[in-house]
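Student: I'm new to this one. Can you walk me through the fold?
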Amino acid sequence: MQLPADYHMHTPLCRHATGEPVDYAKRAVEIGLTEIGFSDHSPMRQDAQKEFPQLTIRLALEVDYLPGHEDWIRELAALHPWDYFIGSVHYVSDSWAIDDPQKLSEWKTRDSFEVWQIYFERLAMAAESGLFEIIGHADLPKKFGHRPTRDCTPLYEKFLAAAKKSGCAIELNTAGLRKDCKEIYPSREILQLAFQKGVPITFGSDAHKPEEVGMNFAEAVSLAREAGYTESCRFAKRKRQSVKF
Ligand SMILES: [Zn+2]
Ligand SMILES: [Zn+2]
C-alpha cells in the first residue's frame with residue numbers, strides 16, 4: 001500500500017512549530033512517504049529537496065478564511081507558483097479563534113449549535129470561493145470536546161455541496177487524534193456524506209514537529225476506505241491529480 005501524501009505541516013516559520021523543513025523531510029522518508037507539502041511559507045524547501053531527491057516536496061499555504069478578505073488571498077496566490085492552498089476557518093468572529101486554548105471560556109457563553117452554524121456557514125463560503133484546493137480540518141469546533149446535541153447534518157450537507165460545486169477537496173486531518181476530541185477531522189459522518197456527494201480528499205498530519213509527520217495515517221486511510229474512498233488528491237501548481245491509496 002502506498003501511503004497518501006502528507007499535505008498539512010507547519011515549520012518554525014509559523015512560530016508555533018519546531019524542527020527544520022529538512023527534519024520533516026527526513027522523517028517523511030523514514031516512514032515511507034513519497035510526497036509531502038509544507039503548508040506555510042518555507043524558503044528552505046530547496047535544502048530539504050536537495051537532501052531527499054526521492055521525496056516530492058510541494059509548497060503550499062494554509063490560509064485563514066475570513067469573509068471579506070478574499071482579495072488578500074488572491075494577492076497571496078499571486079506571490080508564488082504555489083502547489084495548493086488549504087482554506088481553514090479558525091475564526092467565528094473577529095476576535096475568537098475556536099481552536100485557541102486561551103479562549104476556552106468563550107465556549108461557556110455560547111450555544112454549541114450556534115457556533116457550529118457560524119463555523120459551517122463560513123466553511124461553505126470558503127469552499128464556494130474557489131480560492132482553495134483543500135478545506136482544512138472540516139469540523140474543528142469539536143477540538144475541545146464541545147458538541148451540539150442538535151442534528152448538524154443540514155450544515156454539513158450545505159458545506160459539502162459547496163465543496164463539490166467548486167471542485168475543492170476536504171482533508172483527513174489526524175491532529176484531532178492528539179486533541180481532546182480524540183478523533184480525526186472530519187468525523188465519520190461528514191466523511192460518509194462527502195463520499196456520497198463525490199467530494200475528493202487529501203490527508204494531513206498538521207505536524208508542528210518532525211515526529212508528527214504522517215502520524216496516524218494508517219488509521220486515517222482505514223477511515224477513508226470505510227467511507228468508500230480509494231483515491232486521494234495530489235496537487236502540482238494548483239492542478240489536481242487522483243492517486244490510489
Ligand atoms: Zn488550521
Ligand atoms: Zn495547520
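Tutor: Terms to begin: strands (E, at least two residues) and helices (H or I, at least four) are DSSP runs, numbered from the N terminus. Two strands pair if DSSP finds at least two bridges between them. This is a predicted model, where local features need pLDDT of at least 70, side-chain atom pairs count only at pLDDT 80 or more, and totals for chains, interfaces and linings use all residues. Residues count from 1 along each chain as its sequence is written, chains are lettered from A and ligands numbered from 1 in the order written, and side-chain values use heavy atoms, without hydrogens and water.

Student: OK, which residue in β5 is the bridge partner of Ile-134?
Tutor: Ala-169. Two bridges join β4 (residues 134-135) to β5 (residues 169-173), and these strands run parallel.

Student: What's the strand order in the open sheet?
Tutor: β1-β2-β3-β4-β5-β6, with parallel pairing. The edge strands, β1 (35-38) and β6 (201-204), each pair on one side only.

Student: What does helix α7 touch on the sheet?
Tutor: α7 (residues 217-227) touches β5 and β6. Contact means heavy atoms within 4.5 Å. The direction of α7 makes about 160° with that of β6. Such angles run from 0 to 180 degrees between N-to-C directions, with axes fitted to C-alpha atoms, for helices over the stretch in contact.

Student: New topic. At what angle do α5 and α6 cross?
Tutor: Roughly 40°. The axes of α5 (residues 153-166) and α6 (residues 188-197) come within 10 Å. That makes α5 oblique to α6. Angles under 35 degrees count as roughly parallel, over 145 as roughly antiparallel, 65 to 115 as roughly perpendicular, and the rest as oblique.

Student: Which residues of α6 make the contact?
Tutor: Glu-189, Ile-190, Leu-193, Ala-194 and Lys-197.
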